[in-house]
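Biologist: I have not seen this structure before. Please show it, and then I will ask about it piece by piece.

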Amino acid sequence: MIQTPESEKAMSSTQPSSLASVANARQERTHASTATGTGLEARGVHAWFGKNYVLKDINLEFAAGSVTALIGPSGCGKSTFIRTMNRMHEFIPGAAMAGQVLLDGKDVYAPGVDVTKIRLQIGMVFQKPNPFPSMTIGENVLSGLKLAQIKVENKDELLESCLVRAGLWNEVKDRLDAHGGSLSGGQQQRLCIARALAVSPQVLLMDEPCSALDPGSTLRIEETIRELSDSMTIIIVTHNMQQAARVSDYTAFFLSDGGPGEMIEVSRTSEIFSQPKDQRTENYVTGRFG
Amino acid sequence: MSAVAVPTKPWAKRPQERAIGISFFLAAIAFSYFFVAVTEMKGKLAYAFVFFVAYGLFTSTFSFINRGPQAAKDSFVSTVVSLGAVVTVIPIASILFTVIQKGVPGLHFGILSNDMSMATSTDPIANGGVLHAITGTLTLVFLALIMSVPIGILTALYLTEIKGRFAGPIRFLVQAMSGVPSIVAGLFILSAVLYPITKSFSALMGALSLAILMIPTVARTSEEVLLLIPNDLREAGTALGGTQWRTVAMIVLPAARSGLMTAVILGVARIAGETAPILLLTGGGDKVNPNPFDGSVGSLPYYIWKAFNAGSPEAITRAWAGLLVLMILVLILFITARALSTRKISK
């Protein structure tokens with residue numbers, strides 16, 4: 001964290017942390033969320049890769065329509081955790097898990113659950129932009145429908161609304177037939193967000209969506225996240241603490257002390273950055289380690 | 001005052017350096033002529049050999065005197081590397097040159113529209129043609145293609161996407177299969193299908209044996225291509241709610257399209273000129289056979305073999321012309337496949 005005179009001043013007055021100024025950056029919601037469902041809940045989630053125990057007993061609730069940031073040093077299991085949410089964890093050979101992930105009160109790991117339906121309800125945006133290279137921009141956005149074989153009445157309308165919500169419409173409306181690879185990195189990532197939106201998920205998982213992008217694109221995507229949070233539940237993994245402060249309602253701090261990653265603390269974002277309960281959280285958010 | 005910058009290449013060779021290089025080259029040529037004349041050595045290869053040795057010695061000695069032993073080694077190794085490249089190209093260039101030189105006199109106006117049913121091996125060149133052989137070869141390649149491409153690509157998908165329990169043994173067997181001599185594939189079909197079941201030559205029999213040869217090539221190349229597709233794309237497809245098959249069909253295969261086309265090209269290249277199983281299984285007629293499932297069928301390798309065997313000057317010219325046609329045919333197949341694989345997806 002960079003300590004500026006302003007933040008020092010803010011600290012000296014009421015807030016104990018140097019991050020107080022960014023912690024309040026996210027404005028309070030002005031209107032009710034339209035997110036559907038009752039949110040997502042992780043109950044006692046553990047995860048392994050082969051014999052490697054990577055995640056220990058995570059209990060977290062994500063209210064419908066909330067934005068939750070997961071922060072913590074590299075290798076503490078944040079990405080693994082969000083991949084257990086939409087059952088992408090099992091995609092890696094040797095992966096194992098324990099515990100429950102409840103979507104609208106139903107365990108996504110229960111026997112007989114259609115895993116492809118779960119992934120439709122819980123969308124995901126990856127760290128590296130990965131538009132499908134063989135498809136045009138328009139086809140990329142609608143690819144989820146084709147993959148899951150969903151019929152839609154008005155494809156053009158959906159295409160436009162997804163691109164508008166992802167904040168990309170104005171930049172690509174005249175070249176929807178161009179290939180996805182012709183876009184810049186930030187545009188590609190927003191295309192991936194639009195693609196995830198097209199299948200109207202209840203929950204959107206974002207695994208460091210801005211780590212490969214420049215500040216301008218990052219800002220654009222953060223705006224997108226804020227707009228999306230009106231209609232869906234968002235969980236975002238980030239290494240950028242200002243980003244967590246800017247976009248999230250809640251923040252969970254993960255840490256691994258050599259063993260499996262654990263969740264140290266979860267709270268309202270403003271509290272995590274101003275009055276963390278745990279000393280380790282305070283050390284991390286103030287930049288003393290990690 | 002701002003000087004106008006002129007783009008220069010300070011690292012480029014100066015004219016006198018270039019002149020020294022050329023003079024070494026000429027000296028080596030002169031030396032090779034001199035050396036071959038003085039000693040017992042004979043033939044073009046002797047000139048080439050002496051030239052390379054002399055050039056290597058001259059340049060490395062010069063480097064040694066001017067810049068020391070390291071530079072001498074450097075220039076010697078670069079001569080050896082160029083030698084390797086030239087030696088590789090010589091046979092290919094030589095084959096191309098010979099086939100064109102000897103094949104062109106055998107070409108005539110009706111070569112692509114006539115077959116050999118009304119011509120004998122001693123007839124003038126202008127009689128007959130290779131129509132039956134071209135149609136036969138195209139039939140054989142096409143039949144082998146539609147059998148081996150699906151099997152080969154499905155095998156590759158099993159190895160890369162499903163990664164089932166048998167992936168290891170299957171990969172091993174496919175590799176072993178690619179070493180099967182073509183005559184073995186021919187004899188296998190002869191004894192397993194032709195003698196006990198169909199009891200007659202046909203294009204299908206030939207295509208079956210060619211498919212045995214083509215499947216491992218297609219499977220192995222496709223596997224390598226599919227392994228190059230980033231896992232990100234598979235994850236993205238899966239995370240969007242696609243089943244594994246939908247993800248593979250919609251994302252992985254289209255992304256690998258040009259590579260898979262290369263796999264098919266390599267497979268076709270493997271079989272287009274294959275002769276041994278063709279001799280055993282197709283019977284090699286002189287007439288166009290429209291039925292691929294029954295009756296003898298001609299093909300370019302068979303035509304070439306038969307014409308060389310006939311031995312008359314006209315027949316040998318025909319054989320060279322047949323070779324030329326085969327080479328051009330393979331070239332056309334390659335160019336078509338390349339064009340298809342790089343064409344933009346249009347809807």
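Biologist: How many helices and strands does chain A have?

Modeller: This is a predicted model. Of the 290 residues of chain A, 49% count as buried. Among its contacts between residues at least 6 apart in sequence, 70% join residues at least 24 apart. As for the elements, chain A has twelve helices and ten strands.

Biologist: Which strands of the chain A sheet stand at the edges?

Modeller: The sheet is open and consists of six strands with mixed pairing, in the order β6-β7-β8-β3-β9-β10. A strand at the edge has a single partner strand, so one of its sides is left without a neighbour in the sheet. In chain A this applies to β6 (122–125) and β10 (262–268).

Biologist: Which residue of β10(A) is the bridge partner of A:L255?

Modeller: Strand β9 of chain A covers residues 250–255. Over six bridges, β9 pairs with β10(A) in the antiparallel sense. The bridge partner of A:L255 in β10(A) is A:E262.

Biologist: Which element gives the most to the side of chain A that touches chain B?

Modeller: In the contact between the chains, 20 residues of chain A meet 19 residues of chain B. On the chain A side, the elements that give two or more residues are α4 (115–121) and α5 (137–148). By class, that side has ten nonpolar, six polar and four charged residues. The element that gives the most, with five residues, is α5(A).

Biologist: Is B:V297 buried or exposed?

Modeller: B:V297 lies in the loop between α11 (276–281) and α12 (300–310) of chain B. A residue counts as buried if 20 or more other C-beta atoms lie within 10 Å of its own. B:V297 has 32 other C-beta atoms within 10 Å, so it is buried.

Biologist: What distance separates the C-alpha atoms of B:V297 and B:L204?

Modeller: Leaving aside neighbours within four places in sequence, the contacts of B:V297 include B:G136, B:S202, B:A203 and B:N289. B:L204 is 93 residues from B:V297 along the chain. The separation of their C-alpha atoms is 9.7 Å.

Notes:
Residues numbered from 1 in each chain as written. Chains lettered and ligands numbered in written order. Predicted model: local features only at pLDDT ≥ 70, side-chain atom pairs only at ≥ 80, totals over all residues. Contact = placed C-beta atoms within 7 Å. Helix = DSSP H or I, 4+ residues; strand = E, 2+ residues; numbered from the N terminus. Nonpolar A, V, L, I, M, F, W, Y, C, P; charged D, E, K, R; others polar. Pairing = 2+ DSSP bridges. Buried ≥ 20, exposed ≤ 12 C-beta atoms within 10 Å, placed from the backbone.
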